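Colleague: Hi, I'm new to this one. Could you open it up and walk me through it?

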Amino acid sequence: MGEIRECLYKICLPELSGGFSGIKLLMSCFFVRTDVLQDELNRTILDSLLDFTRKCSSTRQNSDWTSQMRASEIPTAALMLGVNVPDHDMTFQSLSDMLKQSVSPHVASVQAKECGGKGFRDQSEIILCSPHSPRVHRSMHCSLGILCDWYTARTKKSPTGTPGKKRSSQVRDEQQQPPVVIIFKDLEAFNPRVLQDFILICSQYIDRLPLTFIFGIATSPSTIQHMLPHSVSSLLCIELFQSLSCTQHLATVIDKLILASRIHFKLNGKVMQVLIGVFLYHDFSVRNFIKGLQLALLEHFHSQPLSVLCCKKKQALFNVTQLSKPNLDRIRQLPSFKRYVEKQEAQEQVNLMTDDSHLKEVCQQLIKDLHKYHKNYYPILRCLHTLTSSLPRYPLGKQIRELYLICLAKNVWENEDYQSAMKLVKMLAKGEMVSLLQKCVEILQLSKSKKMKNALTLLEMNESRRAKRLSPFENLRNEALEFIDNLVKSHLSPPESQPLYEVCYYSSSATVRRHLNATPRTSIQAALSNPYYYLQNDSLKSEDGTVSNTAPDICIAYKLHLECGRLINLYDWLEAYSTVVSAAEGNDQDSENFGKVDEVKHARFIRAVSALEFLGFIKSTKQKTDHVARLTWGGC
C-alpha cells in the first residue's frame, strides 16, 4: 500500500521546490486518517464479538450444571450489519483477523454462493489449517467426525503437573482448546434447508468440537426465525449484536474527515452532494464514500497546480514565496481572486496584476485569512446545528451534513428555513434553551480560535447575568440568539466568498460522478462508436464520427446497425459489413471478389451480431425470420 501511495504522490503532486514534502505529508496523513477511521467504525461491536467468543470458550471449561446445559447448544452471535453490503466484506475480514490473533486460529468464513445444495452436507469440503501450517493450506473432503479427530490431535493436552498447579492448568486448557468459529457472511442468501441440515449435523458433534457460529444479517433478527424451525433454532444459543447504522457511520466520517479545520483539503457543495447521493441512493457504503474522498483528493492535487498551497499554514506561507511566474498568473486568473481585485482601489489593482512581489505578500495574508476562516467556520456550524437539529420538521436538517450543504450553497441566514428555525428556537422552553446553550459553550471551549474563545466569554456572561440580576428569561434568550445570529452572519459565509478558496476546495463534481456512478451503457456506446478512445491505436482514428474500417468487428456492425430502422435485414447488414471489411483488407474495389461473403467473414459477422444481442442493442423478432429488431434510439 505504501508503494502505491508513493507512486500516487509522484503522479499527482505538481513540481514545486520546497513544497513537495509538505503536500506529501498532507496526503499521507489524510490516507492514514481514513484507514484508522475505517478500523474504528466497527471497533466496539467487533470487541464485543471477541468477548462473546472468549466467554463461550471459557464456559465450556466449567463443570457446573448451568454451563453444561449451555454447552449442549452451539453459541451463535447474530450480527446485525444493515444493508450496506459493500462494507460487509471489510467488516468480516477485520473480524476474522482479530479472532485469529486473539481467540482462535480456527476461523472459517463462508458465503451462500460457495455453498450449494451439497455444500453443507456431512461430506462437505472442509479446509484444515493451523497457525503452524504452511501458507498453502491442504484441503480434503472429510466428515465432521474426521474434523473432530483432526481438532483433537491439534489441541492434544499435555499431562498436567502437581495438584497445586490446577488453576494454571485450567487456563492452559482454555488456550489449548480454542473454539472453531464459522462466519456466515450473508445468512439471508443461504438455502434454509441446507443451513438446517448443517446445524443438525454440527449439534451431534458439539461435545467433541467447540463450535461457535457468527451469522451476518443484513435485514432483521426475525430472519433466523423465518429460516430455522424451532427444532433447529433451539440447538443454538443466540446472542444479538447490533452495529451502528450506516448513516451513523457516515456522520462519523463527515465529522472526522470533512468538518475539521485541521484537514485543509475541502469539497465544494456539488461534490459533497454527489458523494452523499451515491451513498444514500446507491450502496449505503461508508467505505465507498471514503474512496470518493480519496479520489477527490488525488484529482485535486493532480489537476490544480495551486494545490501546493493546500497544507498547513506555515508550509503554505513558505510555498507562496516559491511560486513560479506561471503559478502567479494562475492566481490572477482565479475567479475568487478577480473578485477580490475588483474591490480594491485602482492603484492596488494595478500592483496586484503587475507586481509579483506584492502579489506574494498579499497572497500570504489571504492564506492566513483562509485558515482563520476555517477555524471559525466549523465551531459556529456545530453550534447552529446543535440549536436547530431537534426542532419540529427539521427546517435546517436533522443531520449536520444537510446544514453544511445549505451553508456551502449560499448565505444560510438568507434562507427562509433559517428564519423559521430561529423563530422555533425562541419558542423553546427555558430548560431546553439553557441545555442547548450549554452545549454551544462546550463546542466553543474546544475551539482554538481566539474569536471563538471571546464568543464563549460572552455566552457565559449571559448565563451569569441571568443568575445574578434575575432579568426576564426572554430578554436573555433573545440576546443569546442574537449573538449567535451575528456569529453565523460573520463566519458562515460560503467558501466561494473567500479569496483563494480554490487552492483548498475541489469542485469538479462531474469527474467524481463519472468515476463513482457506474454508467455501463454510456461506456459501451463510447467504446463501440469510437474504439480509439479506449484502445489508443492510431489506426483507429477517424473523423466526423465515422468508424475506421480497421476497427473491431463489433464496432463495424454496431455503426452499420445505427443506419437502419426498427427492423434490420440480416442479409443486407451482412453485405454492408463484408464491404467495409474488404476495404480494410486492401482488396481492389474493381475486382469480382470485393465485398464477397466468405465463410470467415460470415463467422465474424455472426459473432459480432451475437455480441450486440448479448449487450442489448438488438433482439430476434417473430415478425420476419431473417430480421432482427433494433432496441436503442436517439444517438445511441
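Modeller: Happy to! A contact here means heavy atoms within 4.5 Å. Among the contacts in the chain with a separation of 6 or more, 71% are between residues 24 or more positions apart. This is a predicted model, where local features need pLDDT of at least 70 and side-chain atom pairs count only at pLDDT 80 or more, while totals for chains, interfaces and linings use all residues. Residues are numbered from 1 along each chain as its sequence is written, and side-chain values use heavy atoms, with hydrogens and water left out.

Colleague: How many helices and strands are there in the chain?

Modeller: The chain has 29 helices and 12 strands. These are DSSP runs numbered from the N terminus, with at least four residues for helices (H or I) and at least two for strands (E).

Colleague: And what share of the residues counts as buried?

Modeller: 46% of the 636 residues of the chain. Buried means under 20% relative accessible area, exposed means over 50%, and partly exposed is in between (1.4 Å probe, protein chains only).

Colleague: Which residues have the most contacts inside the largest nonpolar core?

Modeller: Those are Phe289, Phe337 and Leu381, in a core of 97 residues. A nonpolar core is a set of buried Ala, Val, Leu, Ile, Met, Phe, Trp, Tyr and Cys residues joined through side-chain atoms within 4.5 Å. Helix H18 (residues 356-388) gives the most to this core, 14 residues.

Colleague: Why does this core lie between domain 1 and domain 2?

Modeller: Because both domain 1 (18-152 + 177-244) and domain 2 (249-506) give residues to it. The domain bounds come from an automatic or database domain assignment.

Colleague: What does Phe289 touch?

Modeller: Leaving out residues up to four places away in sequence, Phe289 touches Leu250, Val253, Ile254, Ile258, Leu275, Ile276 and Phe279. Another core, of 33 residues, lies apart from the largest one and includes Ala112, Ile199, Ile201 and Leu228.

Colleague: Switching topic: how many aromatic pairs are there?

Modeller: The count is 18. Rings of Phe, Tyr and Trp (its six-membered ring) pair if their centres lie within 6.5 Å; planes under 30 degrees apart count as stacked, over 60 as edge-to-face and the rest as tilted. Phe184 and Phe215 form an edge-to-face pair, 5.2 Å centre to centre with 80° between the planes. This pair links distant parts of the chain, with Phe184 in strand E5 (residues 180-184) and Phe215 in strand E6 (residues 211-217).

Colleague: Is Phe184 buried or exposed?

Modeller: Phe184 is buried, at 0% relative accessibility, and Phe215 is buried with a relative accessible area of 0%.
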